[in-house]
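Colleague: Could you take one part of this model and look at it closely, setting out the terms as you go?

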Amino acid sequence: MKVARVIVDVPSMSIDRLFDYLIPEKYEDIVEKGMRVIVPFGPRKVMGFVVDMQNDSSIEKLKSIVEVMDMTPVLTDELLKLGTWLADTTLSFKISTLQVMLPQILKAKYNKELKLLVEGEEELSPVLKSLFVGRAVVSFSEIEERNISYHHIQKAIKDGYVEVQYVVKSKETKKKLTWVRPVNPLLLEEALVDIPKHAKKQRVIIEYFLEDNEPLPIKQLEGKLHTTRSTVQTLVQKGLLETYEQEIYRDPYENRNFEKTDPLPLTTEQAEVIEPIHETIQKENHDVFLLHGVTGSGKTEVYLQSIQKAIEKGQEAIVLVPEISLTPQMVHRFKGRFGSKVAVMHSGLSAGEKFDEWRKIQRQEVQVVVGARSAIFAPFRHLGIIIIDEEHETSYKQDDTPRYHARDVAIFRGEFHQCPVVLGSATPTLESFARGKKGVYKLLTLSKRVNNQNMPEVDIVDMREELHKGNRSMFSFPLQEKIQERIQKKEQIVLLLNRRGYSTFVMCRDCGSTIDCPHCDISLTYHRKQEKLKCHYCSYEIPMPKLCPHCESESIRYFGTGTQKVEESLQQTFPEARIIRMDVDTTRRKGAHERLLAQFKDKKADILLGTQMIAKGLDFDNVTLVGVLAADSMLHIPDFRSAEKTFQLLTQVSGRAGRHQLPGEVIVQTYTPDHYSVELASQYDYEAFFGHEMKVRKAFQYPPYYFLALITISHPNHPYVIQVTQRVAKKLNEMSNNQTKILGPTPSPITRIKNRYRYQCMVKYRNEPNLYTNMRKIVQEFEHEIQNKDLQINVDFQPNHMM
DNA sequence: CCTGATCATGAC
DNA sequence: TCATGATCAGGA
């Protein structure tokens, strides 16, 4: 007896374990660990992952696997292990951790159908007769659309006329190309005689294959010989040619040539830094390196040559870059060096393209993957190095379950494969840098720019003084002057507006009231394009009212500074300037991001105005001025990392100027010019910032001195949420040691979302080896209420934000 | 006594 | 998560 142990696709606490299924004889030699199967589960059928195989089971009556979905496993043994570990350390379901490792398209789709059991439709009720009309199966979605009441169907089921069947489908599609080839090349010569005189096109085709009988895609044949599909079809019918399908990859970069680049000579610093990495690859050791390199110090070349080393050893490499900086420039550098050995994974690809890139990895056709967060799960089997660029980026942590951090996954995989993990950044997170100093990570430093250029001069402008001088615009006099100067010199300008901390909310100037979402405790934001007010958290929206709903005054206005508004006033101040605006609105469409940047590179604009997304990785040789419009907009949001984030952003954006021959300049506008994050960023003094910020973190007991876990509890009933949160806090207190601090219950920053009240507890801990299991125990104690009473308990370890 | 609505339970 | 059977309130 062969038994498969299966994790089924049912995200529920009580189902979050293994289920045993009999492997039918016909599948005995086929089923392997890591494959997806379809299994009966209760009355329905669901997808599941085989994670183990056995010869017997403790369960008496086993059901059998219905179908095997894969020819080869989609998950390796390592990834299965990783899944279990992730489920333990993020408190998520095993099924979710396995699903998150695969391209979306492999996620099963479930369909419910009604099947006719009798011949003909005579015995059916009139309603059902009209439903089936000659068909044998009807999908439930159609039944719902037609509003047919369930008891017609129930009755028919009871009478044995119909039955419900469950279908599991894969959305997976492989793109195919149709090819043409001669059935037997030797027969073509004779066949030519039988082709009618007037059938010129048929002759052309035959003659073509006589000359060169290599198969050809049908599309190409049509183009080359100016023929059509029907001519080919006639020859197929005559038995001379045949068509067949071959699978192809959707290659998002297929029409682009990547000029081959060779390794660049290294600076002394680069050579020093690369040495220990190479050695670790060579010795097949695991180590975590923190590569701290100023912007423009040539980190990418260090990555490239480290990867080279791994490839030469026959191993593979994963490179993570933040989604936002996965620009064509970046892809170019990797494709240029490693050509077709590279797969690229990012959110701009269609589901089909992502699947194809993933398959290249799975089939070991590529050795390098460059991608955003989820590329960390690339199914490589011989990893030689893992690189995380811009290590400090918050997007490496997934915001919803499973709330994993790509850095942790990288270290897990690095240990498994005994290979180095390289974390690179000009502004590492305090957590990482502290580990670097302690020697937990090996600290590597690049302190000079490759071209030995100085970092651009940073000029801090105090906006309060501007106000005193009578300048009420959002562009300070020095900035205006410099912009004017660049436009004249035909040099380019990058302007950064930090939208966070600003939002376009609506307020009445008479009564001062704002317009809030009726389901969430947050004000609605104004969307100019559709003249609507929308809620960010639920789908609620209303047309922009003409009168204040409270006092019926006409003076309701929207406040805040959106990029559009800045663009307008920028245009007013510099009527001759050509401006490109980059924000969520202008880059939503596929390829828009890329197109705008290309325009700017081609000097079709003088000013690039944008949000965070322009702060990273861009490299334009004609940019000599960078302006930050509101450097402190992030400082005032209640987040213990706000100083760190401000420092990071200012440093990153300053690095955009003067990267080539022309020297650069940076202007930072702020209302808090003496805040240490602004001041130290302008001096490019990371070490000093680190020292200062560490003191702050110590004083307030924040990371890296303490770990955090945030528990958020939500339910439609307000008093009930408070009560549950209190109970949770009490249990936590009982279970943890006396160094650990439990804060709360407190209301979440947004106390209500989608009509659910939200309360939270914060755990600050230094050493709680059992926290994961304890936390799981606590959540399990509420299992009943979670399942039956619509209670939600969310646990986020090392949260990015407190919401 | 029937009907629809809500609840509790189990799924290899 | 979701189908099922049990239980309960309300209507005539």
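Modeller: Buried means under 20% relative accessible area, exposed over 50%, and partly exposed in between, with a 1.4 Å probe and protein chains only. At 7% relative accessibility, Phe-797 therefore counts as buried. This is a predicted model, in which local features need pLDDT of at least 70, side-chain atom pairs count only at pLDDT 80 or more, and totals for chains, interfaces and linings use all residues. Residues are numbered from 1 along each chain as its sequence is written, chains are lettered from A and ligands numbered from 1 in the order in which they are written, and side-chain values use heavy atoms, with hydrogens and water left out.

Phe-797 belongs to strand β33, residues 792-797, where strands (E, at least two residues) and helices (H or I, at least four) are DSSP runs numbered from the N terminus. From Phe-797 to Val-133 the separation is 664 residues in sequence and 56 Å in space, taken C-alpha to C-alpha.

As for the setting of this residue, chain A has 25 helices and 33 strands, and 51% of its 803 residues count as buried. The C-alpha atoms of chain A fill a box of roughly 90 × 70 × 70 Å along the principal axes. The radius of gyration, taken over C-alpha atoms, is compared with a globule rule of 2.2 Å times the number of residues to the power 0.38; for 803 residues a compact globule would have a value near 28 Å, and the 31 Å of chain A agrees with this.
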